[in-house]
Amino acid sequence: MTPPPASTAAPQAAQVLGRVTLVTGKEEFLGERTVQAVRAAVRAYDAQAEFSEALAGDLTLATLGELSAPSLFSSVRCVVVRAFEQLPDESVAGLVDYATHPAEEVALVLVHGGGPRGSGTLAKLRKLATVTEVKSETIKSWDLPKFVIAEGRARGARVDSEAAAALVQAVGEDLRMLASAVEQLVSDFPGARIGEAEVAQYFGGRAEVKNFEIADAMLAGQRLQAMEGVRWAIESGTSPVYLLSSVAGQLRTLANYVGGNRRDINPYQLKKLPGVARGWDEPALAAAIRAVARADADLKGAASDPAYTLERLVLTITGLRR
């Protein structure tokens with residue numbers, strides 16, 4: 001089973017007890033969300049259920065038996081085994097044998113952090129009818145607005161696609177921060193449709209948003225606005241390197257658009273790019289990319305005045321646009 005990248009309906013006890021939940025993938029936030037959902041299902045089924053954890057590297061058939069055995073207080077248990085990729089070779093056969101016939105009142109969760117190690121064991125487990133796999137793969141940058149929209153939907157709210165993209169720009173690409181931001185918006189605007197105005201009200205003043213606004217102004221040839229933005233950023237303590245990374249990211253997106261590679265550009269950006277792209281051709285974009293690379297080298301040690309470096313970049317990029 002591979003769910004969408006955002007919140008999904010919580011599992012029922014019957015879906016986790018007497019079964020094995022296999023959590024795979026490198027996205028720790030989504031993986032931990034699955035672990036907590038299993039625990040919540042077990043707790044809802046039996047408030048006296050016992051919970052335990054172990055590292056796969058320490059797991060033997062004997063220790064698994066101890067973890068899953070009923071106690072004097074409750075026969076219902078939830079066992080989480082982390083770093084499953086570290087499972088010793090001598091424990092594989094016993095673990096697979098247990099997963100073939102898991103204890104009826106035990107919810108076993110195996111968390112694999114991704115990568116090739118342990119792939120043979122994963123292949124064996126995936127063949128078992130008693131195993132449910134939940135993948136927690138890294139979400140691509142262009143899919144993050146979809147994650148935001150799904151987070152809102154899971155909380156009973158509708159988030160506009162433009163608002164979702166604006167929130168990603170404001171908060172960044174950390175899923176935990178994005179989920180928290182959506183939760184805050186839904187809490188403060190209950191029952192409301194969340195648009196760009198609501199996002200701007202709470203997150204519009206963040207330095208990250210200003211960085212993108214400065215980058216947009218540069219690429220649009222708005223020299224005065226971009227120069228004022230750079231001076232504001234420097235005076236407010238914004239990292240020059242972080243500001244430059246925003247410019248580089250927007251420039252890469254523009255270059256992809258002009259070059260015809262538009263598949264990985266999110267819809268919010270696609271609405272703005274045609275007007276910006278009319279002032280750019282490939283030679284000008286190449287020169288802009290070289291200017292950004294030079295600024296990056298300067299900011300990381302080749303020059304001592306970040307304000308001068310960024311202001312020179314504004315003059316260069318706005319001068320390249322037709």
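How many bridges pair S1 and S5, and in which sense? S1 and S5 are joined by five bridges in the parallel sense. The structure is a predicted model, in which local features need pLDDT of at least 70 and side-chain atom pairs count only at pLDDT 80 or more, while totals for chains, interfaces and linings use all residues. Residues are numbered from 1 along each chain as its sequence is written, and side-chain values use heavy atoms, with hydrogens and water left out.

Helices (H or I, at least four residues) and strands (E, at least two) are DSSP runs, numbered from the N terminus. Strands of a sheet pair through backbone hydrogen bonds, either parallel or antiparallel. Here, two strands are taken to pair if DSSP finds at least two bridges between them. Five strands form an open sheet with parallel pairing, in the order S2-S3-S4-S1-S5.

S2 and S3 run parallel and are joined by six bridges, and leucine 55 has arginine 82 in S3 as its bridge partner. S3 in turn runs parallel to S4, with five bridges between them; valine 79 has leucine 108 in S4 as its bridge partner. Strand S1 (residues 19–24) and strand S4 (residues 106–112) pair in the parallel sense over six bridges. Within this pair, arginine 19 has alanine 107 of S4 as its bridge partner, and threonine 21 stands opposite valine 109 in S4. Towards S5, the bridge partner of valine 20 is valine 131.

Burial is described by relative accessible area (buried under 20%, exposed over 50%, partly exposed in between; 1.4 Å probe, protein chains only). S1 is mostly covered, with five of its six residues buried. In strand S3 (residues 77–82), five of the six residues are buried, so this strand is largely enclosed by the rest of the structure.

Angles between elements run from 0 to 180 degrees between N-to-C directions, and axes are lines fitted to C-alpha atoms, for helices over the stretch in contact. Helix H4 (residues 89–100) lies across S1, S4 and S5 and runs at about 135° to S4. Helix H5 (residues 119–126) also lies across S1, S4 and S5, running at about 140° to S1.

Helix H8 (residues 175–188) packs with H2, H6 and H7. Packing angles are classed as roughly parallel (under 35 degrees), roughly antiparallel (over 145), roughly perpendicular (65 to 115) or oblique (the rest). Contact means heavy atoms within 4.5 Å. By class, Ala, Val, Leu, Ile, Met, Phe, Trp, Tyr, Cys and Pro count as nonpolar, Asp, Glu, Lys and Arg as charged, and the others, Gly among them, as polar.

The axes of helix H6 (residues 144–154) and H8 come within 9 Å and cross at roughly 40°, which makes H6 oblique to H8. This crossing is right-handed, that is, the near helix is turned clockwise from the far one by less than a right angle, anticlockwise being left-handed. Leu144, Phe147, Val148, Glu151 and Gly152 of H6 make the contact with Leu175, Leu178, Ala179 and Val182 of H8. The residues in this contact of H6 with H8 are seven nonpolar, one polar and one charged.

Helix H2 (residues 28–45) packs with H8 at an angle of about 60°, their axes being 8 Å apart; H2 and H8 are therefore oblique to each other. The contact involves Glu28, Phe29, Leu30 and Arg33 of H2 and Leu175, Arg176 and Ala179 of H8. It has four nonpolar, no polar and three charged residues.

For H7 and H8, the angle is about 125° and the axes are 10 Å apart, and the two helices are therefore oblique. Their crossing is right-handed. In this contact, Leu167, Val168 and Val171 of H7 meet Met177, Leu178, Ala181, Val182 and Leu185 of H8; eight residues are nonpolar, with no polar and no charged ones.

Alanine 163 lies in helix H7 (residues 161–171) and is buried, with a relative accessible area of 1%. Apart from its neighbours within four places in sequence, alanine 163 is in contact with Ile194, Gly195, Glu196 and Val199.
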